[in-house]
Amino acid sequence: MTDDKNLIARLKQAEHRNEAFGTLLKTYGDRLYWHIRRIVVSHDDAEDVMQETAVKILTSIDGYRGESSLLTWLFRIATNEALQHLRRECHVFQSLDALGETLAERVAAAADVDADRATVLFQQAIAKLPTQQRLAFNMRYYDEMPYEEMAVVTGKTVGSLKTNYHLAVEKIKRYVKENSI
Amino acid sequence: MDELMNKVGKRLPYSEAPQYVDSLLEKCRLNAIAEAPRRKSHNVRRLWLAASSAAAVLAIAATVTLKLTLSGDADSGKVLCSVTSVEQSAPLSDVLASMSDDQLADVSYYSTDDIPEY
């Protein structure tokens with residue numbers, strides 16, 4: 001946490017900004033990339049969103065007041081950028097939730113040649129979840145984020161996130177059961 | 001589910017070479033450093049544009065409202081005027097009493113030709 005404070009202080013100073021930004025990406029970049037990748041699924045989309053996220057971080061750092069942890073703030077930017085990217089793929093008046101099938105297809109397309117069927121099936125089940133449930137599941141299961149921090153990232157209440165996580169688990173179970181060979 | 005989670009764990013079906021993410025992050029760093037100042041000035045320009053547009057819309061709205069209010073006052077003034085003139089006009093009996101016999105004859109006897117749209 002002290003390291004974060006020091007990092008933020010340096011990010012806010014013009015003369016140290018570039019070097020501190022490098023440190024920030026080295027520290028959190030990998031987690032941010034995989035968080036984005038799990039939302040948008042495709043390799044190319046994740047690269048675009050990561051680029052945009054990096055620019056947003058650098059242009060918004062002066063506005064960061066330290067009310068939430070640095071990682072939570074970074075996740076919030078990355079999540080917003082990833083969802084924004086997906087929204088561009090939606091037709092007018094189409095909900096993000098309608099992209100489930102497309103994302104599930106992308107999981108199959110992006111899967112490594114040696115990926116086992118259970119892993120693909122599990123990821124497809126997650127891809128087909130409604131967006132809020134998918135976000136809640138990913139942040140809880142993969143990033144092991146406390147619900148309070150997830151609430152800051154998504155702007156939802158802890159109660160609704162717990163419900164979304166629970167619903168996500170139930171739906172994944174059902175999907176896997178129905179589609180297992 | 002627990003069995004599946006134990007089997008799959010946190011593995012993803014897709015992966016990237018270890019150097020890939022590092023090189024991507026370096027690319028992002030360089031791009032963001034180059035792009036951020038441009039983006040900031042662009043944001044300031046957009047803010048100015050939004051503020052000046054809002055000010056222009058407000059000015060137009062204020063002008064239209066003022067004009068409507070003024071014309072509304074004028075209209076209500078006209079109505080008040082006509083109402084006042086009716087109230088202040090003399091009773092019909094006084095008007096008739098003040099008229100000469102010839103004038104009364106003109107009022108009493110008329111032809112339908114005198115009424116334009118009859």
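**Contacts, salt bridges and a pocket**

Analyst: Asp112(A) is partly exposed, with a relative accessible area of 24%. This is a predicted model, and the values that follow are computed from it.

User: Where does Asp112(A) lie in chain A, and with which residues is Asp112(A) in contact once its neighbours within four places in sequence are left aside?

Analyst: Asp112(A) sits in the loop between helix H5 (100-110) and H6 of chain A. With its neighbours within four places in sequence set aside, the residues in contact with Asp112(A) are Pro13(B), Tyr14(B) and Ser15(B).

User: How many residues of chain B are in contact with chain A, and about what area do the two chains bury between them?

Analyst: On one side of the contact stand 41 residues of chain A, and on the other 27 residues of chain B. Of the area buried between chain B and chain A, 67% is on carbon and sulfur atoms, and five salt bridges are counted between these chains. The buried area comes to about 3300 Å².

User: Why does the salt bridge of Glu16(B) with Arg37(A) join two chains, and how far apart are the closest N and O atoms?

Analyst: Glu16(B) forms a salt bridge with Arg37(A). Glu16(B) belongs to the loop between helix H1 (2-8) and helix H2 (18-88) of chain B, whereas Arg37(A) belongs to helix H2 (residues 17-40) of chain A, so the pair joins two chains. Arg37(A) is buried, at a relative accessible area of 2%. The closest N and O atoms of the pair are 2.6 Å apart.

User: Which elements hold Glu144(A) and Lys10(B), and is Glu144(A) buried or exposed?

Analyst: The side chains of Glu144(A) and Lys10(B) meet in a salt bridge, at 2.4 Å from N to O. Because Glu144(A) lies in the loop between helix H7 (131-142) and helix H8 (147-154) of chain A, and Lys10(B) in the loop between H1 and H2 of chain B, this pair joins two chains. Lys10(B) is partly exposed, with a relative accessible area of 38%. Glu144(A), at a relative accessible area of 58%, is exposed.

User: How many residues apart are Arg29(B) and Glu26(B) in helix H2 of chain B?

Analyst: Arg29(B) forms a salt bridge with Glu26(B), and their closest N and O atoms are 3.0 Å apart. An α-helix has 3.6 residues a turn, so residues three or four places apart point the same way. Glu26(B) is partly exposed, at 36% relative accessibility. Both residues lie in helix H2 of chain B, about one turn of the helix and three residues apart.

User: Which residues are linked with Glu52(A) in a network of salt bridges, and how many salt bridges are there over all chains?

Analyst: Glu52(A) is linked in a network of salt bridges with Glu35(B), Arg38(B) and Arg39(B). Over all chains, the count of salt bridges comes to 17.

User: Which helix gives the most to the lining of the largest pocket?

Analyst: About 160 Å³ of space lies in the largest pocket, whose lining residues include Asp30(A), Asp22(B), Glu26(B) and Arg29(B). The lining divides into five charged, two polar and two nonpolar residues. H2 of chain A and H2 of chain B each supply at least two residues of the lining. With five residues, the helix that gives the most is H2(A).

User: How many helices does chain A have, and why is helix H6 (residues 117-127) of chain A largely enclosed?

Analyst: Chain A has nine helices and zero strands, and buried residues make up 54% of its 181 residues. The buried residues of H6(A) include Leu121(A), Phe122(A) and Ile126(A). Helix H6 of chain A is largely enclosed by the rest of the structure because 10 of its 11 residues are buried.

User: Is Asn164(A) buried or exposed, and with which residues is Asn164(A) in contact beyond its neighbours within four places in sequence?

Analyst: Asn164(A) is found in helix H9 (residues 158-179) of chain A. A relative accessible area of 14% falls under the 20% limit, so Asn164(A) is buried. Leaving aside its neighbours within four places in sequence, Asn164(A) is in contact with Gln132(A), Gln133(A) and Ala136(A).

Conventions: Residues numbered from 1 in each chain as written. Chains lettered and ligands numbered in written order. Predicted model: local features only at pLDDT ≥ 70, side-chain atom pairs only at ≥ 80, totals over all residues. Heavy atoms only, no water. Salt bridge = Lys/Arg side-chain N within 4 Å of Asp/Glu carboxyl O. Helix = DSSP H or I, 4+ residues; strand = E, 2+ residues; numbered from the N terminus. Buried < 20%, exposed > 50% of the residue type's maximum accessible area, 1.4 Å probe, protein only. 1 Å grid on protein atoms, 1.4 Å probe; cavity = no way out; pocket = protein on both sides within 12 Å on 5 of 7 lines; lining within 4 Å. Points joined across faces, edges and corners; volume = space filled by probe spheres on them. Nonpolar A, V, L, I, M, F, W, Y, C, P; charged D, E, K, R; others polar. Contact = heavy atoms within 4.5 Å. Buried area = accessible area lost by both parts, 1.4 Å probe.
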